[in-house]
Every structure is written in structure tokens, then in C-alpha cells.
Amino acid sequence: MTPTLLGRWETRFLLLATVGVIITAIVGVVVKNFVTPYLLLGYVFLFGLVWDALYQYLITLRWDRDWPTTFQVLAGIIEGGLVWLLVTFTGLPGIPARSMPFAVFISMYASIWLLTFVIAQGPLRTIFVQWRYRGGEWL
Amino acid sequence: MQREQRTLQVRLSWQDPVTNEESAILAPLPITIGRARDNTISLNSDAISRQHAFLEYANGEAILRDWQSKNGVLVNQQRVKRAPLKDGDTFQIGPFRFFIEINPASAPQPAAPASAGAASQDFGTIAAPQDFGTIAAPQDFGTMAAPQDFGTIAAPQDFGTIAAPQGAGAALRPPGLPAQQVQPQQITLRWTDPTNNQPREIKAAPPITIGRHRDNTIALPAINASRHHATLTLEGGQIILTDQNSGNGTFLNGQRVQRASVGPTDTFDIGGVRLTATLAAAPATGAAQAVRPTPPAARPAPAQARVITPPAEATLVFNDETGMLMPFMPTPQTEQAFPPPFFRQPVVPFWQLQQSGIPTFETTYLAIGGGLGSFTWIDHLMVSGVPEQQIVALGLEPKPHARYERLCLNSQIPNHERLRSNSDACPDNIWGWPSYGLREIWHSLTRGQIGNAVRVAAQVFGEPVLADTYTPRAIDVYNSVDREARRIGWGRISRYGLAHAIRKTDDNRYVVAYTQINQRQEVVKGLIIARYVHVAVGYPGIQFLADLQDYRDRTKDFQRVVNAYENHTHIYDHLARSGGVVMVRGRGIVASRVIQRLAEVRVQNPNVRILHVLRSPLLEGHRDGRVRRKVEYHTEMQPFNWPKSCAGGTLRKKLEQADDQTRDRLLNDWGGTTTAIRKDWRSIIRTGLREGWYQILFYKVKRVERNQYGQIASLVSTNDPRQPETWLPADFIIDCTGLEAALDSNALLKDMVDIYKLGRGPKGRLRVGNDFEVLGMVNGTGHVYTSGAMTLGGPYAMVDSFIGLQFAAMRSAEALRKLGAPGLHGFGPLRSFGQWMRWARGVHP
């Protein structure tokens, strides 16, 4: 991938607002609590906006100004790890510390991440033909 | 009315004062001499003016005249402006001493009597053979572009490299050889000049080379002829036509051939020009009775046989009054000329097209080129909703990837090898998904090749950090393009034809003049009118380093000094048999491919050595901001030919938003020659350097000559002025510096730029808008778009890649939709997905 910052933000929004919202709803049904999962999704998105800025800075240090697939995977692990640490140890506004079991967190986070990752690898282009030329911007 | 063209055949020989090498040329008058490359004899010396002197024919005599020289012309040590020359005279031009023989061909048989049918020995004056009815009055030459566009007779191969007599007393050996040779058979060639539709005929001794470049025996001004397109040789009394791996192929009686024998009734087609070849001494086609056997009275009888090679006579027509080549000619046109005379106006009135009597076809969308650029544009149009009935593609190849494939094959990327192209740059699929990587994984799985599937998957996932970047197999790309071509009905869209010129019409459209060869092998002229035109004609040709071009010009040796994009398999064959030293010039992906191929040959014959000559060491790569491109073995490393982000990331955006000056700087920062990071290449270089069969040398090459051992020696110097120049011999030199991209080398584009006074971009190519519209070509509601190599300097860097062609196509299709062009629909998510489904199912869009 060779994203732009705006492209990262737009794509992150698009995928979390669709795939993310649907999977979170499923998690909500299972745990009979919709507030915490949706809040968690919101935090993942908000932190992500900051992460994206960092990634975009790192891109400028690469000659090809690209973002290899392995980096995407690494980024997903780091982002998830940080959110898990915050949710578990300090808590986040609306989510008290240790209020979310690890199993729930990991199944929700991993399934959302995996699905968005796969869609962003290609299928998204069948809908937005210009997406890949515009560094992920689709709006 | 027939018209006779009188001239004299002369042989000029001269000696290079520096190398002592003797050269000679046998040609009809007039002959021009100067430093400029377009002279009959081009001499490389500071003492020679660009247009120094010329020899012309007047009243049966050869007249030497000073043209525009600074240092003059000396005859008998006297500076002259004009002097008649006799057989055996000498004259001096700069440091070169010339020796002239007039009508050398008739020497063995003095003055053949004037009998009808005495054909080949008679010198000079072939008049119009009857079948050519109206041969060329001089004013018919209107449209000829430059002298080299004539069927220029170059010195046959045997000339030029006569070994200099070592230490022989005379400065210039009178080149008399015993009349030992049997006169080799000549071949008569006839064709119709595509620029003005005039018949041409020459007689020459084989081997005869035919191609677009002026160093051929016959230089065809046809843009679809390759530089060195084909050769004619004689084998066992048969004329053998051999395609020199030309871009567009050689056709014998309509069939594409690699090598075939040509009979007297056969015709063959080179770049849209139809030729016939017959044995000159056995004129079966009635040429004999048309030959004028009467020699001019003033012809001196040569005393002895001096013929080294047989005469090459020509019915090349020159201006009777001045005897000069093109620059001096008046330029009126006849009604036979093509493109027709009304093409001289920038805007052609529609009624003139109607009254021209030339078959005219009207369409909405016209793509000129017929290659991958045209294909991707039309693919985008059709996926966006334009019906195929409104589209025409004009080109010479039935398959859109034909020329690309040929260049790959020549530059040592056989079809099973991998291209340097991204996995999701798919010319058959505007979405780029599924990518070639995914498709290869899928195909491997369905064929049970689990190992390959896993390897490709790991590569696609790990690139470029954990694995070499994945690139698709050439054959997979070609097959996918063929499949998409079938899906969109390319066979019904594509028309065989060679576009010569494009003009605006007075009804907001464009007219394109083209020619084609029909099934009866006749040249058919046609006009196509369209409202929207796309021009994608690719690279005009291949480029040689100046010293190598000079060597080839002088020696006609196209075997030992080659360009990597030419067919040069004979080198690998020779090396596999006999070993040898190969000099590779240039660094980059092509050089790395060639070196890889040479390393493969070494497995068969370890007696192969590679001298990789680079101008200077390279320790640091290009820099852009904080980052620097990686360098290995004095070569910059990068997966593709531009930083990856130029395809669709931050760099793409940056370039699009920049002004001309910034674009130029950015392209310089990001550009340059690079090679792909490949483990196999790295290991070849490492092993070669360690074992000594591969050497990297840093030299500037001054000149290339053939030495006394028959090798190609390069006179080289280092950057250190104290080091003396040395000769570096090799058996072959492969120029890996790339394709020629000069806009002016493409006749169609040059004509368009000239007549409409179009501006040029920062790289000297077409000036295009961000939607790839050719700026300055708008004609009311009509628009011209382009894509490919000719748009470098515009909004996109990777213009000559698959992704670049698709990007340009997408942009222009989008612009056309906004203009309300017919058939184009908005390309929202729904339409996009629906069309993708049709692609996936292989259904017509």
C-alpha cells in the first residue's frame, strides 16, 4: 500500500463504519451489552487517527514511500495491544478498568481487524476504482 | 509522362587521418559531405562543417562544390568553390583526402553497347520502368521530411571496413584490387514511398538492410517499421527475407514470416510499406526495356578494374535543377500525395474530406496506436458504458501486447520469466483486483502446485521487507490481456492501419489519414473522422549511445554492436559455442537482465567474460528529502522504475499538484536508472566478481572501432586525466541504455506538434493536462487524449508502465464523462461492482 494520510483516515472510517459496526453489533448481542463494544470501536478509531499520523511520518523515511503488508500486520498488533493495556489497566472514559474480558476483546478486535485488512487488500477496489490511485481516499 | 533521371555512379574512397581506416562509398550523384549526420558521407571532425561540400551531376560530369564550409574544399592544393572532377582525381576536405572513381561499375566491361536489355552493368541512368507510369517529377517530393527518408543507398557492408594497409607508403592507397571477384548478383527492390505515394526502385547488392533508421540500405520513413526491420540476402540464387525481430513483423504475401524466400511475384510488407524484390540480372518484370543504356558522352573510360563491390544503382530522384537533396527542394504536392494536400491546413473543412474521394469512416472514439495504451483506454471506455460500435482502434498489430512482448523477448525476458511490474498493475482489469499474485496463487492451488502457491503467498505478503517483490510472469499478463481483448470485442474494434497525420476538422472533430495493406497486398488510403481521439504510439524506437551509434553508422555492423532491445540472440548462441568477451554498457534493469542471461550462457561455456563498463562509480543513490535510494554494486536499487508511491501514494499526489519546474525537479530526484532487488541477480554479481568473469569498469568511451583481430575495441579513458587512453577490446557490445523517447522521432506526433505549434512539457514530450488531454488540441467539442511514454513530465511519473496506462485511461475517461461524451456513465460504486462482476464472469461489458 502507498497511502496518504487522508486516505488512511478515510479508509479507516469507511471500514470501521461498515464492517466494524456490524461485527460490534454481533459482539453486543453475544455479551448483551452494546455500549462498551461500541465505545471500544470508537476508541480504536480515534487512536487510529493518531497512529495514522505516525505511520505517515514513518513512510517519509522509506524511499518508496510505501507501507508494506508486514507493517500493516505489525501496526494492527501494536494498536490492539495498546487499547487492551488501556482498557485493562487504566480504563477509558466509559470503559472502567478490567471491565472487558480478554476473550471478548480479542475476538472482537481480531475479527474486525482481519476483515478490514482483507477488504483493504483488494476487494474494496471493485467498488472504488480510484481508491488505489488516491492513496486510500475514496470520498 | 515518363521522365528520365540522369546521374552518375561514383565511388568515393577516403582515409581517416586518425585511425588510418579507409572507407568507401558507392552511390549515385549527388553526394553530400559534412559533419551533420544526414549527409551521404558524414565525417566526424571539427574541421568539417555541418554541410561542407557536395558532388553533383551536370552535363555528364561530376562537379565538386563547396556547400557551406568554413575551411573550404581543396583540389590540387587550391581552394575551390566549384570544380569538375575526372575519374581518378583526388580532393581534400578538412583532414580527409578523397579519391573519386566515376562509374566504377562499368570498369570490367568497357562501355556496354546501347542494346536494349543490357541492364545491370549499365551505369547510372535507370529511367522509369513502365509499370511505374508516372515517376516522380522533382516537385512531387513535397512531403518528404528529410534526406534520410529517401531510399538512401548506404554503403554496402563490404565497404567501410577495408583494413588499413599497415605502414604502406602512400597516404591513400588507390583502391585498385585485382578484378578477382565475380560480380555478385544484385537485387532490384520496388516499393511505394508512404510519405508521398511515389514509386521507388533501387538495385543493390545483398545483404540489403531495410528499416526506419537511415543506416539501412533502404531507409523507410514508415513509423511502424522498426529501425532495423529486415534483411534480404542471397542464398543459392534465392532471395531470402529475414525479419530482424521487428516490432511489427514482416509479412510475405500477407503472412507473417520470420525467414522466407521471395519469388519474383511475391510482395512483402514492412511497417505498412509493400515491397517487391527481384534478381536484378534476370528482370522478369519488364524493367529491362525501361533501362536507358546510353552512357553520357563525357564519361571517362576507367583504366582498370577498381571495383571492390558491385554498383548499387538507384532510381532515386533528385531535383534536376539543383541536383540536391531534400532541403533545397520546392515543396508543392500533387493530388497523389498522401496525406492529401488539404492536410497542410491546420483545420480541414469537412467538404474537402467529402470531395477527396478517399474512403472515409466516421466514429466517435478513435484510439491511434493499437498497443497497450490504446487497449487500456478502450477498456476503460467500454467498462464505463461506451458501446463497441462507437470505438475504433487503429494499429498494425492484431494483439495489443505484441510490441511490448517483442521488446521483452529481445531484452531477455522470455515469456515464462517475470516482468518488472507490480502484482496489482493489471492491464486486463481496471480495478487491479484480483491481482496477478492472487491469481497465480489460485491457479497454482487448482493445479495442485501447493509449493508455488505457498511461495507466492509468502512473497506477496512479505514484500518488500521479508521477500523480493512479487512480479507477474510475462505469459500470465499476455494471456490475461488476450482474455480481456476477447471480452470487450477487440477484434471488432481494432483496425489494421498506419496513422500518418491527424488534423482538426471545421465541424469540431478530427480526421486521421492512414494507410493499410489490403488482402490483395495493395496500399489502401483511408480517413477516419472522430470526435474524441486517443494517441498512444509508445516509444518511437531504440536508442544507442553516441559512440555506438557512430560505429554502426560507419560500419553497418549490426551484429557485434547491438542494443539490448534488438533481437540479439545470435550473441548468446555464439557465446555458447565459442565463448568470448561481452561489453555491457549501462546500468539498469535491462543490463541486469542481460548479465543474468550471459551468466546462464556461462553455464554452457565457461569461457564467457563480461565487462560491465560504467561511466563512473556510484556509491550513493538519489536523494529526496530525508531518504536516499539504496545502491548495490554501483547500481541503484528499487522494486519498480519509480518509487512505489508514484503509482498511487503521496508522491503521485505531489507530482500532480506541482508546476512544470517542480515536476522536472521531482522527476529528476525520483528517476534515473535502477534495477530491481533480486536475490538471483545479486548472487550472479557476487559470484562473477569473485571468480573474475564479471568485472565492473569505470570508463568513458571515446570511440569504438574494429581492431585488426576483428574485435570491437573501445577507446576509453578514466576520470583521471593523467591516465592514458587505452583500447578495450571485446567480441560484442550490448547497449543497455534503453529506448528512445524523443518525441520528434515519431512522425505522427512531430507532425501534430509542428502544425498546431503545441507546447512541450518539461521533459520535451507532449504537454498534457492532469486528465491527459493533449493541450492545444481541443477543437470545440472535440478532444485529444494520450497516455504512455510521451506524457512524461505531466502529472504522473509511471507513465510507461501498466499502472500508468490505466491511470491515464481512467483520468481521460473521467474527463470525457464530465464533458458529456456519449455513452459514458458515472462510475459509482454500484456500476463499478456490477462491471467487476461482468469481468469476473467473462461477460461483455
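Helix α12(B) contains several buried residues: Thr650(B), Leu651(B), Arg652(B), Lys653(B) and Leu655(B). Their cover includes α11 and α13 of chain B. The model described here is predicted.

Helix α13 of chain B covers residues 660-670, and Asp669(B) is found within this helix. Asp669(B) has 15 C-beta neighbours inside 10 Å, so this residue counts as partly exposed. Leaving aside residues up to four places away in sequence, Asp669(B) touches His622(B) and Asp624(B). Arg629(B) lies 40 residues from Asp669(B) along the chain. The C-alpha atoms of Arg629(B) and Asp669(B) are separated by 10.0 Å.

The contact as a whole takes 34 residues from chain B and 25 residues from chain A.

Chain A is built from four helices and has zero strands. Of the 139 residues in chain A, 35% are buried.

Two helices of chain A pack against one another. Helix α3 (residues 69-90) and helix α4 (residues 102-120) of chain A meet at an angle of about 155°, and their axes are 11 Å apart. Angles over 145 degrees count as roughly antiparallel, which is why α3(A) is described as roughly antiparallel to α4(A). The crossing of α3(A) and α4(A) is right-handed. From α3(A), the contact uses Gln72(A), Gly76(A), Gly80(A), Trp84(A) and Val87(A). From α4(A), it uses Phe105(A), Tyr109(A), Trp113(A) and Phe117(A). Six of the residues in this contact of α3(A) with α4(A) are nonpolar, three are polar and none is charged.

Chain B also holds strands. Strands of a sheet pair through backbone hydrogen bonds, in either a parallel or an antiparallel sense. In chain B, three strands form an open sheet in the order β38-β39-β40, with mixed pairing. Strands β38 (631-632) and β40 (674-675) of chain B are the edge strands, each pairing on one side only. Strand β39 (residues 635-637) of chain B pairs with β40(B) in the parallel sense, over two bridges. Met637(B) has Thr675(B) as its bridge partner in β40(B).

An antiparallel pair is formed by β42 (residues 700-706) and β43 (residues 712-717) of chain B, over six bridges. Arg706(B) stands opposite Ile712(B) in β43(B). Strands β42(B) and β43(B) make a hairpin with five residues between the strands. In this hairpin, Gly710(B) takes a positive phi near 80°.

Technical notes
Residues numbered from 1 in each chain as written. Chains lettered and ligands numbered in written order. Predicted model: local features only at pLDDT ≥ 70, side-chain atom pairs only at ≥ 80, totals over all residues. Contact = placed C-beta atoms within 7 Å. Buried ≥ 20, exposed ≤ 12 C-beta atoms within 10 Å, placed from the backbone. Pairing = 2+ DSSP bridges. Axes fitted to C-alpha atoms, helices over the stretch in contact; angles between N-to-C directions. Parallel < 35°, antiparallel > 145°, perpendicular 65-115°, else oblique. Left-handed = near helix turned anticlockwise from the far one by under 90°. Nonpolar A, V, L, I, M, F, W, Y, C, P; charged D, E, K, R; others polar.
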